[in-house]
Amino acid sequence: MGKRDAVVVLSSDDGGDEGEGEGEGALSSSRSRSKPAAKPHLARSEPRRAKKPRVSGSRSRSSSSRQSSIVDEFQFLEEDFNEVFTGAKVTTGFGRSTAKESWVDKYKPCTFEELAVHKKKVEEVKSWFEERLIISKDNLGDHVLVITGPAGVGKSATIYVVASHLGATLCEWNTPTPTVWKEYVHNSNTGQYVSKLDEFEAFVERTRKYGLISQSSAGESKSSAILLIDDLPMTHGNVARRRLQNCLQLLVQSTHIPTAILITDYGQVDSADREARFLEELHLSLESAGARKIAFNPITSNAIKRILSKICRQEKRNVASEQIDLIAKASGGDIRHAITSLQFFCLKVDWPSFSSSSPTTVYDLHFGRDETISLFHALGKFLHNKRESVSPSGKDPHPMQEKFMRLPFKMDAPEKVLSQAHGQARPIADFLHENVLDFLDEEAVDDASAVLSYLGDADVLLHSFHGAVARNYEAEGVVQSAAASIAVRGVLFGNSHPLPPRWHSIRKPKLWQSEKFSLHNKDEMLRQRFMVYNGVSSIDTSVIATEYMPACKWLQHRLQAHEVMMLSTEIEAGISLDDREVKTSDDEIEEW
Amino acid sequence: MLWVDKYRPKALDQVIVHEDVAQNLKKLVSEQDCPHLLFYGPSGSGKKTLIMALLRQMFGSSSEKVKVENKTWKINAGTRNIDIELTTLSSTHHVEMNPSDAGFQDRYVVQEIIKEMAKNRPIDTKGKKGFKVLVLNEVDKLSREAQHSLRRTMEKYSASCRLILCCNSSSKVTEAIRSRCLNIRINAPREDQIVKVLEFIAKKENLQLPAGFAVRVAEKSNRSLRRAILSFETCRVQQYPFTINQAISPMDWEEYVSEIVSDIMKEQSPKRLFQVRGKLYELLINCIPPEILLKRLLHDLLRKLDAELKHEVCHWAAYYEHRMRLGQKAIFHLEAFIAKFMSIYKAFLIATFG
């Protein structure tokens with residue numbers, strides 16, 4: 001695939017928010033007019049082709065005529081869109097020019113004051129780059145900064161602002177826009193497919209070896225350039241992940257340009273999700289390779305409120321402070337989301353010709369993020385099992401036996417809590433199983449038995465679809481949520497003598513590690529099972545585990561080579577067991 | 001080499017324990033019409049030994065020249081292709097494998113791999129044994145679907161292929177398969193038979209074996225010949241010359257289980273349960289199958305229990321064993337059983353002693 005240079009896109013008008021500019025390539029022509037002036041001066045190697053929504057980065061240069069027609073088409077579409085979009089706006093007496101843009105772009109921070117990010121973090125980033133750019137270039141070993149944080153906390157915006165402050169050129173890698181395969185084939189005349197990961201690898205390889213050539217050819221001073229890697233290529237499967245990891249590690253070890261890598265974490269580190277675990281692993285490996293890591297936290301609702309009310313002032317909107325409060329809270333620290341909500345909200349209020357005072361009475365936002373809670377928070381709720389102290393008065397339509405009576409919950413329905421925590425049945429069951437015994441009364445063995453039995457029921461349900469012939473996903477979904485519900489409600493019901501609240505840590509299930517080790521040991525045994533029976537026949541692993549291994553331990557001095565091997569795995573298992581113990585104690589995560 | 005392997009009879013004539021079965025098998029093969037065979041019986045009774053000896057009887061010593069192969073099979077299952085990795089042991093005349101290694105994909109193994117193997121009829125110049133033998137281990141662990149497709153395979157390729165199936169419990173093999181095979185039950189050897197074997201080994205090794213000692217080893221072995229020989233060899237390492245009252249150490253995991261049991265009997269509380277869980281994990285990590293673990297646990301518990309509780313405890317053990325097979329994570333059910341036991345036992349203690 002030619003056209004690798006499309007990959008080093010140096011963009012001037014890309015938003016401070018990653019991923020957001022992706023779909024709007026065609027807008028750029030109309031947008032650049034109203035750009036804020038204080039921009040980092042940027043070189044462009046290409047007119048942002050890689051970002052066009054329907055045109056992949058591999059498009060050949062020769063087809064520029066066709067391309068421009070597509071751009072035209074897009075502009076038409078955009079006009080249409082704006083007409084629809086601004087239909088309401090016109091009535092409010094605002095010009096089209098302001099409506100052209102989403103506020104997220106319009107109020108992109110340009111100075112440090114405008115950043116909503118915590119000052120300390122900004123300072124940290126700034127001083128890091130200052131050290132690299134101004135003071136000395138090659139004395140410092142590390143040239144890579146890893147910034148992590150949830151979406152919309154201003155990771156990219158901070159980099160942009162810092163770069164403009166330092167007067168540095170910002171070169172950027174953006175993941176090329178994905179295309180539908182058929183479109184891709186249609187657009188590309190020749191060549192075979194190059195995966196995004198390949199492109200990224202090639203890019204990193206080039207930057208490591210030659211620096212940023214395209215930028216120096218644009219006549220910029222070489223002294224101050226920052227490389228920004230926004231959004232790593234999507235990887236799937238272990239092989240691809242290892243490649244990405246190696247490639248990034250190489251970059252960390254050998255690059256001489258100050259580089260910022262932005263990693264969006266999705267806040268699910270505590271789950272069993274493999275993607276999240278991989279990201280965590282990636283941080284660690286980058287850090288061990290010598291990269292500096294700065295973690296951004298969600299933006300505080302006060303900071304969001306400040307920004308929002310400033311926007312309101314500038315837009316001359318009259319939005320009640322309660323509303324801003326509500327939007328800020330609903331955003332969950334995602335400033336981009338908060339601004340978009342605000343814009344939408346302003347639209348909505350003005351749509352019917354109400355007086356602007358009316359929204360103060362409306363506290364219910366019909367949009368915004370769903371409230372989420374972390375998995376640990378949810379687990380804490382289930383395990384602590386807080387109940388009201390008195391049962392509700394009034395006649396119960398379904399009288400129950402004394403022993404089945406429980407006081408009402410001090411929380412929402414367990415299923416609701418589960419859905420807020422995005423709880424998957426399997427990890428929920430594992431976590432509950434690991435931790436529930438700590439939360440039971442010292443004397444209540446009956447409770448323990450009931451709880452564990454319910455967890456067993458959940459396990460049976462979870463297994464029931466495993467390897468079924470025709471996978472019926474819908475049915476599986478039902479089974480999954482039923483299992484989660486049984487696990488949670490079983491724990492809540494079974495724990496009939498809840499302990500008074502006290503501090504408790506929630507552990508990660510030991511089960512996962514123990515399963516890993518037992519699988520490993522099993523593999524070892526499978527390899528050895530042909531060695532008994534004089535190598536003429538094979539043997540059951542359970543027989544090896546229960547009969548051969550213990551005997552071999554006694555007979556070790558008489559063993560021949562292959563049996564010594566068997567023994568060594570036994571010893572190894574013992575060691576790893578100790579390791580495991582150490583690890584889990586490190587892994588203990590505090591609940592609150 | 002361990003004594004278990006060293007003194008394994010190689011030919012049907014050398015068999016000590018199941019002599020009658022061996023002679024029958026010999027007759028069966030000499031008439032050159034070998035049906036499909038299903039060997040079943042408890043572990044350590046000599047099924048595998050008989051199968052190997054039978055193969056030798058059929059094909060001569062060439063059946064002992066085996067090679068281990070780890071092959072990846074590509075299987076086209078309608079819409080997608082599946083790769084299954086499976087280790088096989090094969091000689092020119094037979095192939096041996098454990099289809100249950102493929103997990104829930106076992107039915108593909110049975111459908112495709114066996115089919116493919118059975119199709120390739122060995123070319124024999126004498127036109128004598130125009131079939132290959134396929135030895136399948138752990139048939140009782142096959143899923144129901146896999147057993148069904150096994151049945152079809154048996155019918156279709158019976159001209160070119162003989163199956164020898166081997167399993168512990170014939171009750172987990174479908175009726176259809178059982179009726180298509182000659183079922184051969186291999187009983188667990190009686191204790192006097194085990195003693196005979198031990199004496200035979202002692203003679204070969206030039207050991208002085210006091211009569212009472214062999215009997216004790218046989219008693220401890222739970223009527224498993226393999227166990228008896230292994231622990232006999234262990235004792236030889238620990239102390240020789242033998243004395244009649246020499247200690248016969250149990251397997252280390254069994255000791256661990258009895259430790260767990262005494263823990264359970266001492267205290268019944270969630271805290272204790274948590275400690276027990278840690279020990280269970282350790283056993284599971286060392287690949288002790290959870291079913292065997294539960295069985296052993298029950299065995300040890302019953303020995304310490306009052307008669308009136310035994311029935312109830314057995315009931316719950318069976319209940320949780322069943323759940324364990326239905327479920328995925330054995331630890332959930334093992335622990336549930338222990339918790340149940342604790343709850344029953346505690347109630348009993350309170351009722352009895354106040």
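Is the crossing in which α17(A) passes α14(B) left-handed or right-handed? In this predicted model, α17(A) passes α14(B) in a left-handed crossing. Two packed helices are described by the angle between their axes and the distance between the axes. An α-helix has 3.6 residues a turn, so residues three or four places apart point the same way.

Helix α6 of chain A spans residues 155-166. From the first C-alpha to the last, the 12 residues of α6(A) reach 17 Å, close to the 16 Å expected at 1.5 Å a residue. Because 10 of these 12 residues are buried, α6(A) is largely enclosed by the rest of the structure. The buried positions are Lys155(A), Ser156(A), Ala157(A), Thr158(A), Ile159(A), Tyr160(A), Val161(A), Val162(A), Ala163(A) and Leu166(A). Gly167(A) follows α6(A) and has a positive phi, near 65°.

The secondary structure of chain B comprises 14 helices and seven strands. Of its 354 residues, 53% count as buried. Among contacts in chain B with a separation of 6 or more, 70% are accounted for by residues 24 or more positions apart.

Strands β3 (residues 80-90) and β4 (residues 94-97) of chain B run antiparallel and are joined by three bridges. Together β3(B) and β4(B) form a hairpin, with three residues between them. In this pairing, Leu89(B) has Glu96(B) in β4(B) as its bridge partner.

The loop between β4 and α4 (106-119) of chain B contains Ser100(B). The relative accessible area of Ser100(B) is 16%, and the residue therefore counts as buried, the cut-off being under 20%. With neighbours within four places in sequence left aside, Ser100(B) is in contact with Glu138(B), Lys141(B) and Leu142(B). The C-alpha atoms of Ser100(B) and Ala146(B) are 9.3 Å apart in space, while the two residues are 46 residues apart in sequence.

Definitions and conventions: Residues are numbered from 1 along each chain as its sequence is written. Chains are lettered from A and ligands numbered from 1 in the order in which they are written. This is a predicted model: local features need pLDDT of at least 70, side-chain atom pairs count only at pLDDT 80 or more; totals for chains, interfaces and linings use all residues. Side-chain values use heavy atoms; hydrogens and water are left out. A crossing is left-handed if the near helix is turned anticlockwise from the far one by less than a right angle, and right-handed if clockwise. Helices (H or I, at least four residues) and strands (E, at least two) are DSSP runs, numbered from the N terminus. Two strands pair if DSSP finds at least two bridges between them. The expected span of a helix is 1.5 Å times one less than its number of residues. Buried means under 20% relative accessible area, exposed over 50%, partly exposed in between (1.4 Å probe, protein chains only). Contact means heavy atoms within 4.5 Å.
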